[in-house]
Amino acid sequence: RAARESAKASIDALRAGTEYDQSLRQFETGDLDRALESIESCITRIPTMQKSHLLRARVLVEQGNLVTALTALEDAESVERIQFEAQQEGVEEPAEFTPLNPDVPYLRGVVLEQLGRIEDALGAYESASAISPRRAEYLLARAEVLVILGRLEEGRALLDADSGEFADHPG
C-alpha cells in the first residue's frame, strides 16, 4: 500500500510538472484561458508547488482579474510559509519566517499599482528589493512609484545610489 501511494505521488508530481510546462507555453503564446485551466489542474494535483500559484497570478493579471490575482499571490506566499514552518518543526529556536521568492511581492506590487493602490505597491516593491536587492526591475519599479507619489527627489536618490550596481544591465 505504501509503495502504491508513493508511486501515485510520483506520477502526480510528473503530471503536475507537465501541466505546469504546458500552462507556461500557453501563457507565453497568449492562450490565457487554456493556460489558466492547465495551471489550475496542476494546482489541484500538487497544491504545494509555489511556482504554479505564481503562474496562475500572472495569467490572471494578463486577463485583468487583478483581485483574484492577489488571492493567487497570497496562496503562493502561504505555500512558502507552510513549507518553512514544516522545516522548523522540532527546532529548539525556530527562525522567523522570511519570504525567499522576490517574484511574489514584485508581482503583488504590479497588481496593486494597477489597482491604484500606489503606497501599497511601493511596500511590495520594497519587499521584493529586500529579498533580491540587485534586481534592476525591482529598483526601477520602486523609483517609478516614488515619482508617481510625487517623491521625485527620493526616486532620483534611489536611482543615483544604485546606478553603479546595474552598470552592466542592458535595460
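Close-up 1. At 0% relative accessibility, Val145 counts as buried, because buried means under 20% relative accessible area, exposed over 50% and partly exposed in between, with a 1.4 Å probe and protein chains only. This is a predicted model, in which local features need pLDDT of at least 70 and side-chain atom pairs count only at pLDDT 80 or more, while totals for chains, interfaces and linings use all residues. Residues are numbered from 1 along each chain as its sequence is written, and side-chain values use heavy atoms, leaving out hydrogens and water. Val145 sits in helix H7; helices (H or I, at least four residues) are DSSP runs, numbered from the N terminus. Leaving aside residues up to four places away in sequence, Val145 touches Glu113, Ile118, Leu122 and Tyr125, where contact means heavy atoms within 4.5 Å.

Close-up 2. Leu149 and Leu122 are 27 residues apart along the chain, and their C-alpha atoms are separated by 9.5 Å.

**Close-up 3. Helices H1 and H2 side by side.** Two packed helices are described by the angle between their axes and the distance between the axes. Here, the axes of H1 (residues 2–28) and H2 (residues 32–45) come within 8 Å and cross at roughly 160°. Axes are lines fitted to C-alpha atoms, for helices over the stretch in contact, and angles run from 0 to 180 degrees between N-to-C directions. H1 and H2 are therefore roughly antiparallel to each other, a term for angles over 145 degrees. Their crossing is left-handed, meaning that the near helix is turned anticlockwise from the far one by less than a right angle. Among the residues that meet are Ala16, Tyr20 and Phe27 in H1 and Leu32, Ala35 and Ile39 in H2. The residues of this contact divide into seven nonpolar, five polar and five charged; Ala, Val, Leu, Ile, Met, Phe, Trp, Tyr, Cys and Pro count as nonpolar, Asp, Glu, Lys and Arg as charged, and the others, Gly among them, as polar.

**Close-up 4. Ser23, buried in H1.** Take a look at Ser23, which lies in helix H1. Ser23 has a relative accessible area of 0% and is therefore buried. Not counting residues up to four places away in sequence, Ser23 touches Ala35, Ser38, Ile39 and Leu55.

**Close-up 5. Helices H2 and H3.** The axes of H2 and H3 come within 9 Å and cross at roughly 155°, and the two helices are therefore roughly antiparallel to each other. H2 passes H3 in a left-handed crossing. Leu36, Ile39 and Ile43 are among the H2 residues in this contact, and Leu55, Val59 and Leu60 are among those in H3. By class, the contact has nine nonpolar, three polar and four charged residues.

**Close-up 6. The largest nonpolar core.** This core has 39 residues, and those with the most contacts inside it are Ile39, Val59, Leu73, Leu107 and Val111. A nonpolar core is a set of buried Ala, Val, Leu, Ile, Met, Phe, Trp, Tyr and Cys residues joined through side-chain atoms within 4.5 Å. Leu107 touches Leu54, Ala57, Arg58, Val61 and Leu73, not counting residues up to four places away in sequence.

Key
Angles under 35 degrees count as roughly parallel, over 145 as roughly antiparallel, 65 to 115 as roughly perpendicular and the rest as oblique.
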